[in-house]
Amino acid sequence: MTPMSNARNVLLVEDDNIDAQLIEVHLSKAAPVREQTFQIDRVASFTAAMRRLAEPDRHYDVVLLDRGLPDTDRASAIETLRERFPALPIVVLTGLDDAATAMEAVEHGAQDYLVKGRVTAESLSRVLHYAITRQKMEQQLREREAEHRALFDQNPVPIWVYDLETLQILEANGAAERNYGWTREEFRAMRITDLGMPAGADAESGDMVLDGVVQRHRTRHGDEILADVSVHTMEFRGRNACLVLALDVTETQRLVEEQAFTVKALTTSEQRYRELFEHGLGLICEHSLDGTVLAANPAAAQALGYESHELAGISLAELVPERFRDQVRLYLETVARQGSFTGMMTVQRRDGQWRAWRFHNRLYADGNATPVVIGHAQDLTDEIRRQQEVEDASLTDPLTGARNRRYLDYLQRGGELKHWGCVLVDLDHFKQINDTYGHERGDEVLVGVVVFLKSQTRSDDVVVRMGGDEFMVLLFNEAAANAPALVERITEAAAQGKSPCGLSLGWAIRADSETLDRTMARADQQLYEKRRHRRGEHAE
C-alpha cells in the first residue's frame, strides 16, 4: 500500500465479511480527525497479516485486529505482532462485551479495543487516531529511556543509585566499577555505608544535606579517596531513591588546598603568589563572572597553544568546541550562584586539538573588589587515552592482533550489536603443522591467517580469535547480508594459495531475535557439515 499524504493506513485483520464491510463503511463516513483520513487494507487471517506487514513496500499506521481469528489464539497474536513490529499500534475488535477480555488484550500490548456491534464512525476514527498518537508517545518515551541509560552507563564520573530507606545500592555505572574496584553485581549487594558514605538524605522531605560535600570513600582495595558528591532524589524502579555522582577530587583537592593557601597569602605576599602563578606547573586561570579571561599562567597558556598575554580578554566560550559552549554558560551561572564548581570540561587548543580538563574553580568576592574566579585544572587527556588503550588491549589477542572473546561480551554489554552475520573459520590439520614444524611455525600460521582474513574483509568487519585455531569474522548491521559473499571470497582466495593453510568455513546471519551465541552455533554446525562432506568425498 502506497501511503497517501494525509491518510492513515489501516490494516484490517477480519475473517467475517459483514463485520469487515461495516468497519469499512464506518471509516468512509468518519469525519477527518485533525485533517487526517483513513485508508483501509483488509486481510482475512493472521498469517496473511504477518505476510502483508513484512512486505517492504507496505506501510501501515495501525492494525485493527479481530480477536476471534481461527489461525491464532488471542494472546499469541498480539504478542507476536508486538515482537515483530514493536512500533506498530494495535486496536482489538472483540465480539465479546466483556471488560476482562478487552483488558487482557491491552495487557498483552494492544493500544485499545472496540466491541463489535457498538462501533460508530466517530468512535472508530477517534480510537484509531488516539492509538497511533499513544504509540508514538510510547516510542518516544522508550527512546528517551535508552538515551538516559546511555548517559548513565557512559558517564566518565562514578554514579550509583541507592534506596533511601534501606541504603541498598540499586545500580552503578562503569566508571564506578573502574574507580572503586567492585563489579556492578558486587555494588548491588552493598549499602552506601560500605563505601564510607554516610546516609545524608531525608526520605520524606528529600533534603539532601550532603549535596556538594567532599566525602572520604573507601575502595575495594582499602584505599581512601576524596569524592566531591552531588546527590539528587528520584524514583527508581518504584522506590524512593537517590542518585549519587562522585567525582574523584583526591589530587585536585590537594592542589586546590595548596592554591587556596597561596591565594590567602596574597594579603601579605603578592610576589609569592605571582611566582607560583608564573612558574607553577599547574594550569591556573583567572576570569570574570561574564567569562572573560583576566589572566592565565604560562603552563595553562602553553597547554592551549597561546602566549599568556594572548589569552587576556578572550572569552571562555572561545576556548571550547562550539558544541560545548552552552556548558560554559551553565558553568558561569553555577559558579556565580554556588561560589565554586568542580567538574570536567573539553577545551580546544589553538591548533584545533581537543583536550579533557578536570578543574576546580572558586569565586572570590571580597569587600568592594570586583568578583573574580580563580581556577586550577589538570589535563587528563593522556590518562584517559591510556585507560582506553589498556581496555583495548584487554579485548585484543596478543599473538595475532585479532579481537578476542571478551570483545564480543563488550559489544553485547554496550548494546552496539543489533543485527549481525558471522563467518566461522577453522584451520585444517593445524595440529599436524605444530607436530611437524613446531609451535613457532604454528604461531606464524595463526598470525598469517589473521592477516589473510583482514585482507578479504572490509574495514568495519571484525576478525576475532575464538581460541586455538578457531576464528570468526563478525559483520555488523547492514553488512550482515554480505556473509555468504565473504565466504565465497575467502574460499576463492584460499584456493589460489593466498591463505597460509587450508580453511573450513561456515556462516550464519541473525534470525529474528536470537542471541549471538545461537547464530555462531548455526555457523559452526554448517562448518562441520561441510568438513564431513568434504572428507567423505576424499575417502571415496
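**View 1. Helix 1 from end to end.** Helix 1 covers residues 17–29, and its 13 residues reach 18 Å from the first C-alpha to the last, close to the 18 Å expected at 1.5 Å a residue. That expected span is 1.5 Å times one less than the number of residues. Helices here are DSSP runs of H or I with at least four residues, strands are runs of E with at least two, and both are numbered from the N terminus. A word on the model before going on: it is predicted, so local features need pLDDT of at least 70 and side-chain atom pairs count only at pLDDT 80 or more, while totals for chains, interfaces and linings use all residues. Residues are numbered from 1 along each chain as its sequence is written, and side-chain values use heavy atoms, with hydrogens and water left out.

View 2. Which residues of helix 1 are buried? They are A20, I23, H26 and L27, where buried means under 20% relative accessible area, exposed over 50% and partly exposed in between (1.4 Å probe, protein chains only). These four lie on the same side of helix 1 because they cover an arc of only 125 degrees around the axis, taken from the directions from the helix axis to the C-beta atoms. On the other side, I18, S28 and K29 are exposed. At the start of the helix, a side-chain oxygen of D16 comes to within 2.9 Å of the backbone nitrogen of I18.

**View 3. The hairpin of strands 13 and 14.** Strand 13 (residues 340–348) and strand 14 (residues 354–364) run antiparallel and are joined by nine bridges; strands pair if DSSP finds at least two bridges between them. Five residues separate the two strands of this hairpin, and G352 in the turn has a positive phi of about 95 degrees. V347 stands opposite R355 in strand 14.

**View 4. The largest cavity.** This cavity has a volume of about 310 Å³. A cavity is a set of points on a 1 Å grid over the protein atoms alone where a 1.4 Å probe fits but cannot get out, and its lining residues have an atom within 4 Å of a point. The lining holds 21 residues, of which C285, L316, V347, W357 and N361 lie nearest the centre. Strand 11 gives the most to this lining, with four residues.

**View 5. Q338 at helix 12.** Q338 belongs to helix 12 (residues 325–338) and counts as exposed because its relative accessibility is 54%.

How values were computed:
A polar contact is a pair of N or O atoms within 3.5 Å; within protein, one must be able to donate a hydrogen and the other to accept it, and residues adjacent in sequence count only if both atoms are side-chain atoms. On a 1 Å grid over the protein atoms alone, a cavity is a set of points where a 1.4 Å probe fits but cannot get out, and a pocket is an open set with protein on both sides within 12 Å along at least five of seven lines; lining residues have an atom within 4 Å of a point. Grid points are joined across faces, edges and corners, and a volume is the space filled by probe spheres set on the points.
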